[in-house]
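Reader: I have a model open and some labels to check. Can we go through what lies behind each one?

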Amino acid sequence: NRIKRESLHTPNNPPSATAKTGSDVTQSSSQSKRLSPWVGLRKINVSYWGWEDMSPFTNSALRWLPGEPSDSGFCAYLEEPQVSGLRANPCTATAHGLICEKATGNPNQSSRLSCKKPCSLHTNCANCTSQAMECMWCGSTQRCVDSNAYVISFPYGQCLEWQTADCVAQNCSGLRTCSQCLDQPECGWCGDPSSTGKGLCMEGSYRGPMKRVAKQGQQSHSHDMSLEPGICPKDKGFEWAFINCPACQCNGHSTCVNGSVCEQCRNLTTGPQCETCLPGYHGDPTNGGKCQACKCNGHANVCQVLTGKCFCTTKGIKGDQCQLCDSENRYLGNPLRGTCYYNLLIDYQFTFSLIQEDDNHYTAINFMASPEQANKNLDMSINASNNFNLNITWSVGSTAGTISGEEVPIVSKTNIKEYKDSFSCEKFTFRSNPNITFYVYVSNFSWPIKIQVRTTCET
């Protein structure tokens with residue numbers, strides 16, 4: 001996403017453009033280029049400093065400078081190269097700071113490369129193919145061989161199937177659906193008596209399930225296969241399939257009408273075979289698996305079906321559970337107790353271009369602005385390429401993400417494309433309330449959209 005920030009001042013010297021990699025912000029100003037040496041530590045709420053993964057901060061090799069953390073900012077900075085300590089700064093601050101790098105691995109270990117394990121010593125497909133294309137796994141003979149020695153290893157073409165990258169589950173029991181199971185020549189499907197498509201994949205043949213039996217007098221890894229019909233007992237309603245799957249395949253979440261059509265998916269599932277979770281839920285419901293609700297702290301309605309990663313609907317909120325603010329890109333707040341706000345600079349224009357595919361879940365973006373001068377009004381204008389709803393509030397003495405300072409509603413508009421107003425320094429008593437903050441909530445817009453926000457101080 002591109003955020004374009006332009007100075008509205010016309011200084012004597014022409015402004016120089018600076019680009020800050022990572023935050024994707026382009027700014028035009030007269031200041032020289034400087035670092036934003038944030039270390040990943042930020043103020044989560046009024047009394048809690050934590051890392052990006054929400055783990056608490058404790059003094060160790062990295063320590064606060066004397067008198068820190070102060071109330072001057074939400075982010076911990078290594079501010080000066082000659083000072084090895086942390087200082088609290090606004091998350092948008094710049095300084096002649098440090099860039100931290102951490103070496104991977106144990107620095108005490110020798111950098112000498114260890115010898116690679118010969119292909120022939122790998123005993124399963126995953127270990128065999130982990131060495132890129134150097135080794136190949138033959139499934140039919142259960143052997144790992146050097147890719148350059150394939151012809152020597154199998155002079156008569158004994159290898160009937162082989163993998164060099166993605167390994168198909170080698171044990172039949174690791175396959176979760178009947179169709180996956182029967183794709184493997186040595187596997188068969190034991191259908192559950194419920195006739196809902198639920199079952200177990202196991203080794204077998206057209207005659208029935210089979211079990212490996214160690215050969216008498218042979219090495220322990222040599223086995224014969226023997227028929228074991230008791231593993232899938234027909235007299236108890238189990239159904240053995242080796243060539244074709246049973247007609248009803250609903251993964252245990254429905255019964256069938258007309259023999260093969262899943263009637264009504266239960267257990268929070270959907271799809272022709274009840275094979276996926278409903279929107280707002282995640283998990284793998286195949287073969288009786290469960291779905292559970294997305295955990296997004298109220299900032300998303302849906303998540304990735306398999307992983308549960310939330311699709312946050314407010315720009316500036318991030319994290320698998322929408323639990324963090326994108327503080328390195330000027331978003332402040334605490335989504336666990338509220339939301340996140342883009343911190344506007346006075347006398348600048350910002351353009352938010354939410355036009356990428358990754359932006360298609362966004363329906364809201366929030367801003368915060370504080371008047372810089374007690375004797376000047378705060379002018380604000382907002383316009384967008386699509387209609388949006390707008391709410392503006394103000395509060396005194398509040399800090400984004402904390403419970404102090406009640407917000408008082410000022411503006412409420414629906415289905416508009418632009419808005420312009422001036423907030424009087426007399427009416428809102430900027431002079432007697434130096435910590436006054438205005439909160440702007442832009443919501444209910446559709447993707448893609450471009451939004452421009454401008455704030456100025458005028459007498």
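Reader: Which residue in β32 is the bridge partner of Asn377?
Author: In this predicted model, Glu458 is the bridge partner of Asn377. Glu458 lies in strand β32.

Reader: What makes β29 and β32 a pair?
Author: Pairing takes at least two bridges between two strands. Strand β29 (residues 377-396) and β32 share 8 bridges, so the label holds under that cut-off. The sense is antiparallel.

Reader: Why is β27 also called a partner of β32?
Author: The same test applies: at least two bridges are needed. Here 7 bridges join β27 (residues 348-354) to β32 (residues 449-458). These strands run antiparallel. Thr351 stands opposite Gln452, and Ser353 stands opposite Lys450.

Reader: What makes β27 "largely enclosed"?
Author: The count does. 7 of the 7 residues of β27 are buried, so the rest of the structure largely encloses the strand.

Reader: Which side chains of β27 point which way?
Author: Tyr348, Phe350, Phe352 and Leu354 point one way. Gln349, Thr351 and Ser353 point the other way. All of them are buried.

Reader: How do you know that Cys172 and Cys187 form a disulfide?
Author: The cut-off is sulfur atoms within 2.5 Å. For Cys172 and Cys187 the S to S distance is 2.0 Å, so the pair qualifies. It is one of 13 disulfides in the structure.

Reader: Where do Cys172 and Cys187 sit in the chain?
Author: Cys172 is in the loop between β10 (162-163) and α3 (178-182). Cys187 is in strand β11 (residues 187-191). They are 15 residues apart, and the pair links distant parts of the chain.

Reader: Why is the disulfide of Cys172 and Cys187 called left-handed?
Author: The torsion about its S-S bond is about -85°, so it is left-handed.

Reader: Are Cys172 and Cys187 buried or exposed?
Author: Buried means under 20% relative accessible area. Cys172 has 4%, so it counts as buried. Cys187 has 1%, so it counts as buried too.

Reader: What makes Cys265 "partly exposed"?
Author: Partly exposed lies between the buried limit of under 20% and the exposed limit of over 50%. Cys265 has a relative accessible area of 25%, so it takes that label. Cys274 has 0% and is therefore buried.

Reader: How do you know that Cys265 is joined to Cys274?
Author: Their S to S distance is 2.1 Å. The limit is 2.5 Å, so this is a disulfide. The torsion about the S-S bond is about -85°, so the disulfide is left-handed.

Reader: Which hand does the disulfide of Cys312 and Cys322 have, and why?
Author: Its torsion is about -110°, so the disulfide is left-handed. As for burial, Cys312 has 9% relative accessibility and counts as buried. Cys322 has 0% and counts as buried.

Reader: Why is Thr314 called buried?
Author: Its relative accessibility is 9%, so it counts as buried. Thr314 is in strand β22.

Reader: Which residues is Thr314 in contact with, leaving aside neighbours within four places in sequence?
Author: Thr314 is in contact with His299, Thr339, Tyr362, Ala364, Ile365 and Asn366. A contact needs heavy atoms within 4.5 Å.

Reader: How many helices and strands are there in the protein?
Author: There are 3 helices and 32 strands. Of the 459 residues, 41% count as buried.

Terms used
Residues numbered from 1 in each chain as written. Predicted model: local features only at pLDDT ≥ 70, side-chain atom pairs only at ≥ 80, totals over all residues. Heavy atoms only, no water. Helix = DSSP H or I, 4+ residues; strand = E, 2+ residues; numbered from the N terminus. Buried < 20%, exposed > 50% of the residue type's maximum accessible area, 1.4 Å probe, protein only.
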